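This report covers aromatic contacts and charges placed over aromatic rings. The structure is shown first.

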Amino acid sequence: MSTMTDINMITNYSAEDIERIINSFYSPTSQLTIEQRQQLNAILENLQYSKLAWDFSWKLLDINKSASVQFFGAVALCNKISKHLSELDDNQIQQLFQQLIQRLIFYISIHSKQIITKLTVAVHHLILHMIPDKWNNGIITIVNLFTQSQNEFLLQHPEKGHLIVLNILTILPEEFSRINVSKSQRSLIRLELEKEFPNVLNYLQFIISTYNQTDILSKIFSCLSKWLEFGISILQIEILFEYLFNSLNNENLFEDVCDCLTVLFTSPDALKYPSTFSRLFPYILQFEIILDQCLTAGNKEKAECITKLLTQFGENLAQLIVQMSTTPNSQMLAHNFCRLVMKCTEIKGQYPIDETCSIIALEFWNTLEEEVTSINEKINQEARLEFFRPYFEYLIEVLILKGQLPANENIFTNEDKETFRCYRSAIIETMICMHNALDKRAMKVLLNRLLISIEQSQAWQMQESIVQLTGAVSECISPDENQDLPHIFSLLPKLKFSNSLIMNTTLIVLGKYSSWLGNHPDILQHCVHLCINALSNPELIQSASVALKELIKENRMYMSKYLNDIFPIMKNVLENVHVQEDDRIRCLSIIGYILSGHPSKIVIDHLNIILVPEVNKLFDYLSKTNNNQENICTTLNFISVLLVAIGYYGDQNDGEENEQKYQTAQNPSNISEVLCCILRDLDPILQMIVKQYTDDFQVTE
């Protein structure tokens, strides 16, 4: 078989030739080489778009042919209609339409799904190319063609005719975006489809009043969805609202109705119709009945669907809800909607084992907060915030409860652990939003919950959750905040540190507040001891060293007095072979930072304690003939990190006020003098390394 590159050369193929090529290409026992398959594929690709396709496609759509041959015929016909309909005159197009409808009905009668799908798409493209100039009242014609047909199969199965019509009406607006026509023609087609929609609506109402089969009724909702996505005005389907919402109670239609409502609720034009969507609130509030049924029956999936619908509605119409909060006649609707979303947010059970709704509902609160706080006028913002403040404050309490770590971590699979980690991140994001809205009131809520948890000796999980949310808003806190935060930090020593997880969270939070703590030395000293004590626990080295590093960086002079407490522990950590490399580097940085606040002699004495063993290692590596580049690089990096940390401050201060406030009697070291001294002592070993590894880029670098 020779290669065919010119499409005109394929005009010699008969339908029989094409059938043989298809069967050979798709045969499971085919012995074709890769090159031969590529050649046949090129021929078949060209055939699909050749003028021959108008003829051979019908011959291939024969029940006596193989499935591959029939499907190729359907594909070729669909491609020709979508791309090359201009090759036919009006009479040929009318004839093509009649043939296509008859063939579609035949394949529906024998349940050939793949071919039905292709022929249905072909019908859509044909209809879209025929309207408006070649075909008026297309929708009515389509309905009549399949519901008033004398076809024997449709007479025996009238519901099949309605399914065909519903499929066509569903895919028609969807295929509109795919048709290949000029911009002006596309505008004409759109206008014609919009003009025809009342006929679509009449037909859907007829189906609703006549049939009760699930397979037929379910198509109504997907049909509505596609027309809404196409851009049909929400006002035009308002007549179906009651039926739409009532259908949620039909178990067999629930998913299809939810999909349709999602399209309705997320419409980008929703705010153009405030009065229409305001009238939806009574329907929306009825979701609570379904939600309660789901919770009673333990139907997580259905409860999640209802929560999604509520959240989608609330997010898209947050502006309307905020406006309703200042209108006496609609305030109660806004209250009831917020109460219902809160019900989804505080749903009982451990996420994601017992429930999956609460994370969805958080999105509404984030959007609502943004809408409330984006109002420019101070008076209006305060009035609206007054309305929503109780919900925001209560939400923080819900976040504390929902963000608790499980009492038994074994209930989680690895996937559950990752899902819950993402859930806690979402809770943190919402907490930041609530602080943005409530400001100091947010800290007041956290303080009150922490006091209660300590007074009532509540589980460490509760306390850990409060501490985590305190850390979440660290970047929002003013350095001079002096109202509730000092009280919160003063309570930290009273927490139940019976688990390393709460200690870990507390240490992370201390690091986040390192700058603020610099203005509160009385609190800082307690925090330092928490960090120092935690360093002896292998599980806490990472978080304790992170916190300590941040505290020292921000408050170097104050922290320098803890050298004798911190240095021995750091030395032990560095000598522990099981400590992770990142933790070792962090501990080196801590030593460097804290030493830089001391006189030169103290710095050099302590550096010798750390560096002498490392230099001895280098001598040992150099004395051995085996390959030690990696060990040498590791040790050099160790020394480098320490020196960089000591020189980090140079002539800069960690905040001039703190420097002056905590200046010790002894002057801090002259950094340049110390570094020169150390480098002078290191020079011989460095020279030896360079000499021995002159050609090794990694070592010399």
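A residue is called buried when its relative accessible area is under 20%. By that cut-off, both Trp-365 and Tyr-391 are buried. The coordinates come from a predicted model.

Across the whole structure, the search returns 29 aromatic pairs. One of them joins Trp-365 and Tyr-391: the ring centres are 6.4 Å apart and the planes meet at 25°, so this pair is stacked.

A tilted pair is formed by Phe-420 and Tyr-423. Both residues lie in helix H22 (residues 414-438), three residues apart, which is about one turn of the helix. Phe-420 has a relative accessible area of 4% and is therefore buried; Tyr-423, at 1%, is buried as well.

| Aromatic pair | Centre to centre | Angle between planes | Class |
|---|---|---|---|
| Trp-365 and Tyr-391 | 6.4 Å | 25° | stacked |
| Phe-420 and Tyr-423 | 5.9 Å | 40° | tilted |

Trp-365 and Tyr-391 also belong to one aromatic cluster, whose other members include Phe-245, Phe-265, Phe-277, Phe-281, Tyr-283 and Phe-287.

Which rings have an arginine over the face? Arg-186 lies over the face of Phe-176, at 5.3 Å from the ring centre. Arg-190 is placed over the face of Phe-230, at 4.3 Å from the ring centre.

How values were computed
Residues are numbered from 1 along each chain as its sequence is written. This is a predicted model: local features need pLDDT of at least 70, side-chain atom pairs count only at pLDDT 80 or more; totals for chains, interfaces and linings use all residues. Side-chain values use heavy atoms; hydrogens and water are left out. Rings of Phe, Tyr and Trp (its six-membered ring) pair if their centres lie within 6.5 Å; planes under 30 degrees apart count as stacked, over 60 as edge-to-face and the rest as tilted. Buried means under 20% relative accessible area, exposed over 50%, partly exposed in between (1.4 Å probe, protein chains only). Helices (H or I, at least four residues) and strands (E, at least two) are DSSP runs, numbered from the N terminus. A charge sits over a ring if NZ of Lys or CZ of Arg is within 6 Å of the ring centre and within 35 degrees of the ring normal.
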